[in-house]
Amino acid sequence: MAGAEMIGKEEIKEIMDVLETGILIRYNFDKERNGVFKCREFEEAFAQYCGSKYALGVTSGSAALKVALTALDVGPGDDVLVPAFTFLATYEAVLEVGAIPIMVDIDESLNLDPLEIEKKKTPYTKAVIPVHMCGAPANIDKIVEIAKKYNLLVLEDNAQGCGASFKGKKLGSFGDMGIFSFDYVKTVTTGEGGMVITNSVDLYHRAEWYHDHGHDHNPKVSRALEGRTILGFNYRMNELQGAMGLAQLRKLDYIIAEQRKNKQAIMDALAQVPGVGFRGIPDREGDSATFLAFNLPDENTAQRFQNMLSAEGVDTTCYKRNLWHYVPNWEHFLAKSTANSKKYPFNDPTYKGKIAYLRESIPQAEDLLGRTLVMGIAVKMSPEKINQIKKGIEQAAKNM
Ligand SMILES: *Cc1c(COP(=O)(O)O)cnc(C)c1O
């Protein structure tokens, strides 16, 4: 739960600053707002935290994906490589811009396998979206290296890895663009919200224009007289979200440090169980530790251990059977049930590639996710709670 566990007087103070001016929109009303620009401040602090030049706040992580794909000019006729293990939003965003998602396999990091880029790319592939699932990095250096070799754009979906890093560099800052989610269950929360980051001034402007009806945000004129660029839509973050984000961002390093401690204590107990292995995180130092993923030798053993743990009050998720985070389980997606009756863009005549989402094409995901169990790690876990989990693990291991 992370950020939501930490809501306190700091968030209240930031939000009161906004309510005292009464200006909830981030643009315009410069006299009335009394110098309060929470979204702008949050963006600046966030960009700095990530070591990125530009950050743009938006309404959600899903919106951030759509805004970034649009800024990258991914659209009809293109396809995009997306890992089989991710939240539905990553695929939906590709469809939202009129492109086709190509499902690719994962490696032991449980994230996109860099070797899949060469294998699965088509003549129509424009971009690749590595997703840093469950708070830990993909092999992002290799992914970027191989993608560059083939002139593919890289958009990092870092909705789940806010504050995580790879070899000292923050996730989200490796690709051409990176996105974050601040929905209620993410590491930093603004209720709903998201962020796009990039080092490219051109991509930043395209994102900024698109997210606000093409407004060029010229500081020298009033909003009504601003220049218009491309057509866009409204994905603006509001000042209450910006205020929440500022308070939450200051707590991020503490959140991660506490989660790491809690995770380590539980890992120590699991390491005693014969046959248990751990997710192959490419840089353990960079793990944000929001989740603990461990594996057993095979799917049957994993299911049995999951049941034993559950009987001891220890809950885990097996993502191969999860309805929302594994492509082969998305029956509405596989049926191409987009929200329009024409099933656009699945049957877009400008797209020349073949569309198939077959379990046989992702053998590593089928194997790894079937025998991996994932446990959520909270910021606040009392010694009693951790002991109870450790005892549960010991007992479950005995009953195996
Ligand atoms: C949460 C999430 C999103 C979408 O974020 P929202 O803010 O909920 O729209 C996208 N990708 C992944 C991997 C996520 O976990």
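1. The chain folds into 13 helices and twelve strands. Both are DSSP runs numbered from the N terminus, with helices being H or I over at least four residues and strands being E over at least two. Please keep in mind that this is a predicted model, where local features need pLDDT of at least 70, side-chain atom pairs count only at pLDDT 80 or more, and totals for chains, interfaces and linings use all residues. Residues are numbered from 1 along each chain as its sequence is written, and side-chain values use heavy atoms, with hydrogens and water left out.

2. The C-alpha trace spans about 70 × 55 × 40 Å along its principal axes.

3. Of the 400 residues, 58% count as buried; here buried means under 20% relative accessible area, exposed means over 50%, and partly exposed is in between (1.4 Å probe, protein chains only). The accessible surface of the chain is about 17300 Å², and carbon and sulfur atoms hold 53% of that. These areas come from the Shrake-Rupley method with a 1.4 Å probe, and for residues only the protein chains shown count as cover.

4. Taking contacts (heavy atoms within 4.5 Å) between residues at least 6 apart in sequence, 69% join residues at least 24 apart.

5. Now the charges: the chain has 47 positive and 52 negative ones, and their mean positions are 1 Å apart. Lys and Arg count as positive and Asp and Glu as negative, while His and the chain ends are not counted. Each charge is placed at NZ of Lys, CZ of Arg, CG of Asp or CD of Glu.

6. There are 26 salt bridges, each a side-chain nitrogen of Lys or Arg within 4 Å of a carboxyl oxygen of Asp or Glu. One of them pairs Asp17 with Lys38, with the closest N and O atoms 2.9 Å apart. This pair links helix 1 (residues 9-21) to helix 2 (residues 38-50), across 21 residues. Asp17 is buried at 19% relative accessible area, and Lys38 is buried at 6%.

7. Lys149 and Glu118 form another salt bridge, with the closest N and O atoms 3.3 Å apart. Lys149 lies in helix 6 (residues 140-149) and Glu118 in helix 5 (residues 115-120), so the bridge ties together parts 31 residues apart in sequence. Lys149 is exposed at 58%, whereas Glu118 is partly exposed at 38%.

8. Glu258 and Lys261 are bridged at 3.0 Å between the closest N and O atoms. Both lie in helix 9 (residues 252-270), three residues apart, about one turn of the helix. Are the two partners buried or exposed? Glu258 is buried at 17%, while Lys261 is exposed at 54%. Elsewhere, salt bridges with shared partners join Lys13, Glu14, Asp17, Lys38 and Arg250 into one network.
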